[in-house]
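I will write down each thing as I look it up.

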Amino acid sequence: MPAGQKEKLSTPSAIDFGRRITILRSPGGTPSGRVDLRAVTVIVALVALALVVAVLALGTGDYPVSPDRVVQAIFGQGTRIEELVVTEWRMPRVLLALVLGAALGVSGAIFQSITRNPLGSPDIIGFNTGAYSGALVVILVIGGGGYYGTAIGALVGGIVTALLVYLLAFKRGVQGFRLIIVGIAVSAVLASVNTWLILKADLEDAMSAAVWGAGSLNGVNWTQTRPVLIIVAVLVPLLVVASYRMPMLDLGDDAAKALGIRAEPTRLALIILGVALTAVATAAAGPIAFVSLAAPQLARRLTRTPGVSFAPAAAMGALLLVASDFIAQRVFQPALPVGVVTVSIGGLYLVWLLAREARRQ
């Protein structure tokens, strides 16, 4: 082989600049991965927009701080009062909105991929309702419990509901449409139970439960934010592994088996991860609806990919939740729970989605 040709193969190269870049190993020239230029661009843009909204949220309020001073305060170069307002008072809420939005977006992507249906999200299937049931049991039946007691109740309620839906939907494996129908039925039953619990409770306790059930980030601090960050950080490596297996399931069970993937155990592992993300978000801030439904589909339409992916869904979820919380705080007075805003936006999206699906029939 001529020296010049050998030298050419010994350096990294790329082909197909139209839509995707194929990265080649060095030496050898065999493909090692594909990078979707449009998807990367969309992810970067969504993350940038989310950070811009986050800076605006950190700088607005009773004590306004300009964007440049917000950035300086984050890096410890602001005045004492600026660092107190930005990093101690406002940062936990904004950071939690970003992280929970990303978690809900990924959870929605998991269930929409498993069910192969844009309506297959945790809030439609009923996991949010189950988490609300667990929280109501702690607040209204057991009595009290505080923030962590309510969070544990919501966590247990979401997991138990997911297990119940999975067992009822299981019939020689879990079919997507069957999972959605069973989830809607279980959600309807639990919603009736939740209404009965609130009606039988004292007025003060019922009002407290109703506010929590709307989904709110009001009053969060670093003590409540740190456990969520730790749990999500633990789940991230598992999600990276799952992201490589999920597209294989989209090819069908037979094709997945041919590629060496055990379909049902992989599907169960994905469900557990999706439930864990939803349960953590619900335990931290209440049942925030429609983010997990809308984020994956909006991201898919922007990236123009055939299926949903974790990274775009996470970026879109983070942007949706931090923007909704900013609207809930600054546009409405008094401030609204963020769940009220996401329900309003998500309701419009759901109507559009149903109308679009109906036109396809």
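Predicted model: local features only at pLDDT ≥ 70, side-chain atom pairs only at ≥ 80, totals over all residues.

Entry one, on a helix pair. I looked up H4 and H12 and noted that they are roughly antiparallel to each other, because their angle falls in the class over 145 degrees. The angle at which H4 and H12 pack is about 150°, and their axes are 9 Å apart. H12 covers residues 263–285, while H4 covers residues 80–115. I also noted that the crossing of H4 and H12 is left-handed.

Entry two, on the residues that meet. From H4 I found, among others, Leu-100, Ala-103, Leu-104 and Phe-111 in the contact, and on the H12 side the list includes Arg-267, Leu-270, Gly-274 and Ala-281. Sorting the contact of H4 with H12 by class, I got 15 nonpolar, three polar and one charged residues.

Is Ser-107 buried or exposed? I found that Ser-107 counts as buried because its relative accessibility is 0%, and the cut-off for buried is under 20%. Leaving out residues up to four places away in sequence, I saw that Ser-107 touches Pro-122, Gly-274, Leu-277 and Thr-278.

Side chains of opposite charge can pair when their charged atoms come close. I looked for such pairs and the count came to two salt bridges. In one of them, the side chains of Glu-82 and Arg-69 meet at 2.9 Å, N to O. Glu-82 lies in helix H4 and Arg-69 in helix H3 (residues 67–74), so this pair ties together parts that are 13 residues apart in sequence. I noted that Glu-82 counts as buried at 11% relative accessibility, whereas Arg-69 is partly exposed at 24%.

I then turned to the salt bridge between the side chains of Arg-93 and Asp-325, where the N to O distance is 2.8 Å. Arg-93 lies in helix H4 and Asp-325 in helix H14 (residues 310–330), so the pair ties together parts that are 232 residues apart in sequence. Arg-93 is buried, with a relative accessible area of 11%, and Asp-325 counts as buried as well, at 3% relative accessibility.

How far apart are the C-alpha atoms of Leu-56 and Pro-67? I noted a separation of 6.7 Å for these two residues, which are 11 residues apart along the chain.

Key: Residues numbered from 1 in each chain as written. Heavy atoms only, no water. Helix = DSSP H or I, 4+ residues; strand = E, 2+ residues; numbered from the N terminus. Buried < 20%, exposed > 50% of the residue type's maximum accessible area, 1.4 Å probe, protein only. Contact = heavy atoms within 4.5 Å. Axes fitted to C-alpha atoms, helices over the stretch in contact; angles between N-to-C directions. Parallel < 35°, antiparallel > 145°, perpendicular 65-115°, else oblique. Left-handed = near helix turned anticlockwise from the far one by under 90°. Nonpolar A, V, L, I, M, F, W, Y, C, P; charged D, E, K, R; others polar. Salt bridge = Lys/Arg side-chain N within 4 Å of Asp/Glu carboxyl O.
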